[in-house]
Each structure stands twice: as structure tokens, then as C-alpha cells.
Amino acid sequence: MKSIHSRLLLLLLIFIIIPYFISVVLIYWQTKSNVERMELKNSSEQLQKTSEELEQYFQEMIDLPLILYRNPELFRVFERGFEDSIYVNQIAIDKGMKTFYLMREEIRQVRVFIAKGGDSFTVYDAMVSARKQMPEVIDKPSIQALLTSGSTYSIEPPHPIVNYNQTAVLPVSDRTMVLSFHHKIMDVFNNRFLGLVTMDIDLDRISQICKRFISEDHEAVLLADSNGNVIYSSDADRIGQTAASVHSTVNGQKTGDIQLSEELSGVLNQWSLIKTSTSDVLFSEVRQAAYTNIMVGIIVVILGLVMTSIISYKVTQPIKLLSRKLRKIGGENLLVQFESAREDEIGHLETHIKEMMSRINLHIEREYRLELENKKNQFRALKSQINPHFLNNALQSIGAVAIRSGSPEVYKLVTSLSKMMRYTLRPDHWVTMRSEVDYVEAYLNLQKERFRTTFDCRIDIAESIMDVPVPAMILQPLVENYFKHCFEEDGRDTQLSIRGTMNNEQLVIEVENNGPGLAGEVLEELRCKIRMKDHESRHSYDRIGLKNIHERLVLNYGADAALEVYSDNASGFKVRLIFPREQAMSNQHSLAVHNSEEEEHNENPAR
């Protein structure tokens, strides 16, 4: 059996704890979605702004070699070469190159290649190296790609710095990763290739621009050219990787990471700037809030369990006590004490149960007393049967004496009285109509001797219904009413008629006299008394025989039976009994006719 305590815990789980955790999950996912959406928006704006800064920076670095066109000494060397430039001012050239080198702090090395003559010199750490014949410079693939293209510049992917002229200016220990800008020097009038200027710059400035909009703890940035080569990455090991390795790195981010990509334009056309944010760190605050809510929820659950236990104990303890008392009652212990000082629903319930048990005990005691009284009455009834049997035997003895003494009249009276006593003592509730008629005739014989006169009494019962079972003693009370209310009060010139017929499968028995009748109001009052229930009627014995017959008819035959009384113009009185034949025949199995007693009486009346 499920207890109230467990049900309270279940209700707490269903209606408080589960909805609380569902709300925490929904709030977490909603907050995560909002943070992600906001982060994407901010990152997109920062990514676009960084892309513009990178485009502007690279444009400046590409346009920077154009300043060399303003140095007439250097430009003359580009046009004629060192061999044909007799009046070359080397000091001016060195000063101009140093100045160009120092214009941007990210420039690590500058190489100048003169197409005419194949001379080359470099500038490193603001020091100009000696010239050296290096015509093979233009044979490098990156330079050939620039010469064959229509562009005036090219950007070579990051690589360790190279000592172009193999001079002592560049130390061997310097392995800085640099980005090379190759710029063609052209004769603007005849579009003739004059030479090449290469700038090697470090990635510090690019790093500053890229790191400005990322957090080094949980975000990464990557800049790739149109061929997929990594120009810059927050992970230094990725710088300079090929296109295949770049894609494997970008596409291999952890599940749940957020990646944004911006395609650059202008001088960095088809370059890509990629930003990757780690979701674990990005949503750390959201998760922290969720963990806080979960901990608060656990505390709430613990407090709820404690509170539920206390409340359930306070509420269920009196219910358990009441349940134990009721189980004792179920074990037939009806003397359980119900004492409660509570004024709530439990107290009212216990008070009502106490009152109910008091009524039950009182009812049981009353039934017990009635049962004892019934036993006593049964014992008295058994004792009372001894005297009528003795009297009946005594009457038979008197009848025998009367025969021997030659007094037939006395014998007839004794026989009629004996027959009536035998009829009243029989245990049957059902008798035949013939037995009922015989009983009435015996009664009439005694009344004739009583009044010492003759009176007009006619009995006309159809032979077809003489063997039909009827309730015992339904005719004699009606005949007795004739003598009480008619013959004794109105004199001797009255008639009594008893008729019995079968009408539409109904037995109709009429007992009628021509004595004084009943007025309309009195007759109607009598009819009401006959049909009135026992608990509704007053204790009056007037006409009680009619009421008794009516109740026995209804009891045995139901609503199809009836007792009707008539009085025409306050003269004469008639009682009509109606009950169905089929239902009467169905009760024939209840009829036990004592043929042995009747035969004994008929064979030897003196016995």
C-alpha cells in the first residue's frame, strides 16, 4: 500500500523538482543561444574591421617601394646599371636605402636587384652590403611568376629570413619568419623591366592587428592567401604551411567550436581571415550559472524533502493512528476508544466515527436483546401448544360421551368447535378454498346454536375454484364482521351472501350483507385506513380484520391483489377480494393438506 508520505514525495518530484530542472535546462540553452548569437555578431563585426585594417596595411606595404622612384641616383642605376653610371653617388644611394629601410620598423631586410648587369645588394640592420653579381635571382619560381604576370608586386608566403647575397651583414643565428614583398621596378615610358626590390618584413605588425580582436586563452586566428598558404596564425607552428595542411587544421577543430571566416578584397583579393572560438571557454559563464542553479536546486530539493518529511509526519501521524483504530474495529473489537482533542478535519472525522460506533454498539445491543426476547417467545409458543392439543382431545372425549348419552346436538357443536380448533392450530399458511369454506360453515353452526335462531346465509362458490390455494383465514373474519356489525345490531332479518367466481383469470370473492351501511365520508375513511401503512396508521382496532386481510393479500400476490369495500346509499355492505389465479396456482406447492387427519375424522367421528 502506498503511503501518503511516498505520495507527497512523488508529487514534490513531479510538480517542483522536475519543472525546476527543466527550467534550468531551458534557461541554459536560451542563454547559450543568446551568447552564441551575440558572440557571432561581435566577432563578425571585429572580423570585418580587422580585414579592413589588414587590407590597408598590406596596401601601404605594397605602395612603400614607390618611394624609391623619387631617388634619382638609385633610379639612374636601375636604368643604366652600375657599369654605365660613371657619376654614381654611392653615398647618396646608401643613404637613401638606409632611409627606406628605417621607414618601417617591421622591415628586416631589403634586397635591390639591378636587371642591367645583374648586380644585387641588400640592406640589413641599416647596413648596406657590397654589390654582387647574382643574375640567377630572376630564375627563382616566385620571381618568374611575378615577371610573367601583369602585376607589379607579389607576396611570398612566410619563410625563414634568407641571406640573399651571402654576405656577413646577416648573422646566421637570425631565423626570423618573414613575409617577402617583391616589387618590379619598371620604366613607365616604355614599360621596360629595370629591376626588383624585395622587402622582408616580420609578422609583428600583422600579429598586432590580428590579435586585437581575439582572446589568446580560447580563440585563434588564421590568415591565408588565395592559394591556402598560412600567412599568419596565432599558433606559430602553422605559419607557412601548405594549403592541404591548412585545410586539415581549419576543418579539424573540436566539436562545438565556433568558426568565422571573412574573405578579403582589394590587394588581398581571395585571401581568408579565419577566427575560431572555443565553446568550452566561451560558454564557461553560462555553465557556471547553470551549475549554480543546479546546486541551488539540490539545496531546494534537500530542504523540500526535510519539509515534506516534517509535514507528512504531522499530517499522516493522526491518520495512521486513526487507521490502526479502524483496523482494530475490523478485527471485531468494537470497544475502541476514540479520544481526540484536534479541531481540524481529522478531529471531526474521529468524532463522527466515535458517534457512529456508539450507534452501532447500541444497535447491536438492541438486536441482541430482541434475539433473546424472540427466543423466549418461541419457548412460550411451544408451551402454549400443549393446552390447545389437550383441549382438542378433551372435546373429542366429550363428543363421544354425547353420542353414548344420546345427545346428537351436543355432539354436532363439539365437532364444529373441534374442527375450528384443528384448523387454527395447523401450521399451513395456504389452504384450499374448500377448507376455508368448511371452516366458515363450522363457525356458522356454532353461531346458530349461540343465538338459538336461524339466519339467512348463502354460500355460492364455484366448484372450479374450490381446490384453488388461498391464504388461510380470509373468509372467517369477514363473516365475523357480519355478526358484529350487522346481525347483533340490526336484528335478525338480515342476509349474508358469500360468492366466489373466476373472472378473466382472476379470483373474485364477495361477502355481502343487507344490513346498515356506511355513509360516504365514513366509507372513504375506512378505505384509507385499509390501504394505510402500519407505521402511518394509528393504533385502532376498529375494522382491523379488513386491514389484516388486505395486507396478507398484497404480501402474497403483490399489486395485482386488492380488497374493495362498497356501501350503496348507506344501505348494505360488501367486501370484494380480487387476486390472480396464476399466481395462486404457483403457490400450490406450499399447500400441505392433512388428508390423514380429515379421513380419521370422517371415518369415526366418535374417536
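1. Residue K328 lies in helix α8, which spans residues 284-330. Helices (H or I, at least four residues) and strands (E, at least two) are DSSP runs, numbered from the N terminus. Together with K320, R324 and R327, K328 forms a positive surface patch. Such patches consist of residues with over 30% relative accessible area and no salt bridge, like charges being joined within 9 Å and nonpolar side chains (Val, Leu, Ile, Met, Phe, Trp, Tyr) within 5 Å. Accessible areas come from the Shrake-Rupley method with a 1.4 Å probe, and a salt bridge is a side-chain nitrogen of Lys or Arg within 4 Å of a carboxyl oxygen of Asp or Glu.

2. The model is predicted: local features need pLDDT of at least 70, side-chain atom pairs count only at pLDDT 80 or more, and totals for chains, interfaces and linings use all residues. Residues are numbered from 1 along each chain as its sequence is written, and side-chain values use heavy atoms, without hydrogens and water.

3. An open antiparallel sheet contains 4 strands in the order β9-β8-β11-β10. Strands β9 (230-233) and β10 (258-263) are at the edges with a single partner strand each, so one side of each has no neighbour in the sheet. Two strands pair if DSSP finds at least two bridges between them; β8 (residues 219-224) and β9 pair over 3 bridges. L223 stands opposite Y232 in β9.

4. Another open sheet, with mixed pairing, has 5 strands ordered β13-β15-β16-β18-β17. Its edge strands are β13 (456-461) and β17 (562-568). Strands β16 (residues 506-516) and β18 (residues 571-580) pair in the antiparallel sense over 9 bridges. The bridge partner of N513 is F573 in β18.

Methods: Lys and Arg count as positive and Asp and Glu as negative; His and the chain ends are not counted. The place of a charge is taken as NZ of Lys, CZ of Arg, CG of Asp or CD of Glu.
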